[in-house]
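Here's a quick tour of the structure below.

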Amino acid sequence: CRRWFVCLTALPFTPGNIGNLFGMPESDGKILQRSKRGWMWNQFFLLEEYGGNDHQYVGKLHSNMDKGDGNVKYVLTGDGAGTLFLIDEKSGDIHATKRLDREEKAMYTLHAKVLDRNTNAELEPDTEFNIKIHDINDNAPRFAKEVYFASVPEMSEVGTSVVTVTATDADDQTYGNSAKLVYSILQGQPYFSVDSENGTIKTALPGMDREVKENYQVVIQAKDMAGQMGGLSGTTTVSITLTDVNDSPPQISDMTQKIGGAIGRIRADDPDIGRNAEMEYTIVGGHDIFNIITDQTTQEGVIIIKKALDYESKRDYEFRVEVKNTYLDARFIHGLQFKDYATVKVTVEDVDEPPIFSRNPYIIEVHEDTAAGSFVGVVSARDPDADNKAVKYSIDRHTDLERLFHIDLVNGTITTLKSLDREMSKWHNISVVATEINNPRQTTRVPVFIKVLDVNDNAPEFAMSYDTFVCENVKAGQLIQTISAVDTDEPLVGHKFVFSISASNPNFTIVDKEDNTANILTRRGGFSRREMSMYFLPVVISDNDYPIQSSTSTLIVRVCACDSRGNMQSCNPEVLPFSDGLTTGALVAILLCVIILLMIVVLFAALRRQRKKEPLIISKEDVRDNVVSYNDEGGGEEDTQAFDIGTLRNPEVMDANKLRRDIIPEMLFPFRRTSPIKDNTDVRDFINGRLQENDSDPTAPPYDSLATYAYEGSGSLAESLSSLESAATEGDQDYDYLSNWGPQFKKLAEMYIGKSPDRET
């Protein structure tokens, strides 16, 4: 999009008080300064190639002496004042009257004055300022020569430098990419390549033989905009010749006679000497195929060939040769003929000749995007010998490195191996080789130039990436962006693009200018960054070729704060207050989410508290002779981990108290470690000591447990706790003694004493 730009620089200003331009605050220390005088900026920037009859706006001059009462008059002098640039005497607005070309003049120096309208007295001294023209990409690269000539030795290694061709661009070298050139090769692959930065042409194919091909035509393109789409380009042709190196040993040639070659000599004898023996040979009546010349040294007649001989057309020739003296003596010419005749017969011998193509070269056209295996064309060659031996065809793969084509060995039909894309390469130059089947040494090659015809298979798209903004205070119908499109296809009648957007878009509309550009206009005013800071505008771009191709490109439009003249100030989204940024519905939704999360947390905590531990004894009624079920089973004799008898025999190895595994003990007091039993203590004493310690330990859990030791012992006050071998019934037993066993057996006493028949009655 081409638009007017008025920019200000931070270069040193003329001494003085810089006024408020475009509504910018004077407190901006980077641009504005206070002093006694100063009423203008010292430099403006304009984009070249803009202006016209409508007097495009450039900038504004304003003096602090101007109180807005019309008593101040602005006067402009200097380069282009009054012709290229006009100033409004009352407002100080500067306008351009015509298109400006940076390549003609890059900067204009002007002077401005502030006068009293009534007295013409100077209110402020003359001040100088510049209008600098910013460059746009309006000049294509140009090479110094249309045709370059260069040479490189044959059989050079890959990467050998041949020649450097450079182009120049009249656009500004220091601004943007308008003059940044990228070099590429359009014709001459795969033999040569070019350095994209400096234009140096190098060899790209090894083993290039001068005896096979001596001259090459290479087309180099220089494109600005760093090679990006939409850049301008220029081309040049480089004619490269392979120079000879001694890479071929001598070989004895066959007897085939070439045109101009001697096939025989005739000698006439003359006994005279000197000039009197000089002779001249001629063919009587002349001949179309042969000629004879005189060798002045040997005075022999040399028969040479004027045209190529063809054994298959004519095998024998016969003609008469006349020889005569070139200098005659008049005294002896009477009665004597100073000439003689001879008949010459020439027999043509047959040689094996290579195949001959019907055309040289071949030029074939094929449409792009054809499927693999599609027909391209046919080449034809024959053996000129009388035997007319069979010929086979092949493609020199050095000329088809990407293997895009295939040729039938027998009939020479060329087909595609891959789909061709004209946007990748417009021409494909391959070499087809015809070889005699019976004599592979007899080969002939012919160039085949394949032109890829364009098919409308690419949709148009934006020519560049646009940075578009709309002001919050914009009015309906305001132009905010001009867009253009590019298409890699090349229709015969030229490009014609159609731009459109959805008719139901309430914010923007589009006007097609019918010159492959379109204007984006606002449909309404009153845009607000609070409501939406960015709009995505889908633009449909269609071409006019067949079949019609279209694409949708999205134009991003930012909502920005602007001054009264439409100059962007800020596009950052505002920080909105909480009350204004969230609606009542959003607040209610957030509150509900918080309540639900709290309920989930409370419910989860309650479920964990209510989770009951599995009782050690499943039922009070099912005591089963006090045999407690632990729900774990030992491994029998194989289980060596259940209990270590060595601990009982040597208690000093116990380095820590082993807690019970059937319950989770609740430790209210720290564990009291007791001193180990003396060495060689009997197991019985050990058990008695442990029993006394646990009876007096208040931290022991009040649960019954069955501990099995390797040695039971005797003399227990309670005797055996098991009733398995007791003949008495449960009702005959008195369990009151359990209450005397201590707090560790309190639960057991409550279970049995509570069920005593005497107490129940």
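## The helical stretch and the ground rules

Residues 586-607 are 100% helix and 0% strand, with the end C-alpha atoms sitting 32 Å apart. The UniProt record, an unreviewed entry, lists residues 586-607 as "transmembrane region". UniProt positions follow the numbering used here, feature names are shortened, and annotations may be inferred rather than shown by experiment. Helices (H or I, at least four residues) and strands (E, at least two) are DSSP runs, numbered from the N terminus.

This is a predicted model, where local features need pLDDT of at least 70, side-chain atom pairs count only at pLDDT 80 or more, and totals for chains, interfaces and linings use all residues. Residues are numbered from 1 along each chain as its sequence is written, and side-chain values use heavy atoms, with hydrogens and water left out.

**A four-stranded sheet**

- Four strands make up an open sheet in the order β9-β16-β15-β12, with mixed pairing; two strands pair if DSSP finds at least two bridges between them.
- At the edges you'll find β9 (147-153) and β12 (182-187), each of which pairs on one side only.
- Neighbouring strands here are turned by 35° against each other on average, direction ignored. The axes behind that angle are lines fitted to C-alpha atoms, for helices over the stretch in contact, and angles run from 0 to 180 degrees between N-to-C directions.
- As a reminder, strands of a sheet pair through backbone hydrogen bonds, either parallel or antiparallel.
- β9 runs parallel to β16 (residues 233-243), and the two share seven bridges.
- To find your place in that pairing, look for Y148, whose bridge partner in β16 is V238.

**Two disulfides**

- Searching the whole structure turns up two disulfides (a disulfide is a pair of cysteine sulfur atoms within 2.5 Å).
- One of them joins C471 to C562, with 2.0 Å from S to S.
- That pair links distant parts of the chain: C471 is in strand β33 (residues 468-471) and C562 in strand β39 (residues 550-562), 91 residues apart.
- The C471 and C562 link is left-handed, at -85° about the S-S bond.
- C471 is buried at a relative accessible area of 10%, and C562 is buried at 13%. Buried means under 20% relative accessible area, exposed over 50%, and partly exposed in between (1.4 Å probe, protein chains only).
- C560 and C571 form a disulfide too, with their sulfur atoms 1.6 Å apart.
- The C560 and C571 link is right-handed, with 100° about the S-S bond.
- C560 lies in strand β39 and C571 in the loop between β40 (568-570) and α1 (578-581), so this pair ties together parts eleven residues apart in sequence.
- Both C560 and C571 are buried.
- Number the bonded cysteines of the protein chain in sequence order and the pairing reads 1-3, 2-4.
- As for C593, it is partly exposed, with a relative accessible area of 46%.

**Aromatic pairs**

- There are twelve aromatic pairs in the count. Rings of Phe, Tyr and Trp (its six-membered ring) pair if their centres lie within 6.5 Å; planes under 30 degrees apart count as stacked, over 60 as edge-to-face and the rest as tilted.
- Y191 and Y216 have ring centres 4.9 Å apart and planes at 50°, so that pair is tilted.
- Y191 and Y216 are both buried.
- F527 and Y535 pair edge-to-face, at 5.6 Å centre to centre and 85° between the planes.
- F527 is buried, with a relative accessible area of 3%, and Y535 is buried at 11%.
- One aromatic cluster is formed by Y191, F192 and Y216.

**Charges over rings**

- R524 lies over the face of F527, at 4.1 Å from the ring centre. For this, NZ of Lys or CZ of Arg has to be within 6 Å of the ring centre and within 35 degrees of the ring normal.
- K105 lies over the face of Y108, at 5.5 Å from the ring centre.

**A spot in helix α5**

- I753 lies in helix α5 (residues 746-753) and counts as buried at 14% relative accessibility.
- I753 and D734 are 19 residues apart in sequence and 8.0 Å apart in space, C-alpha to C-alpha.
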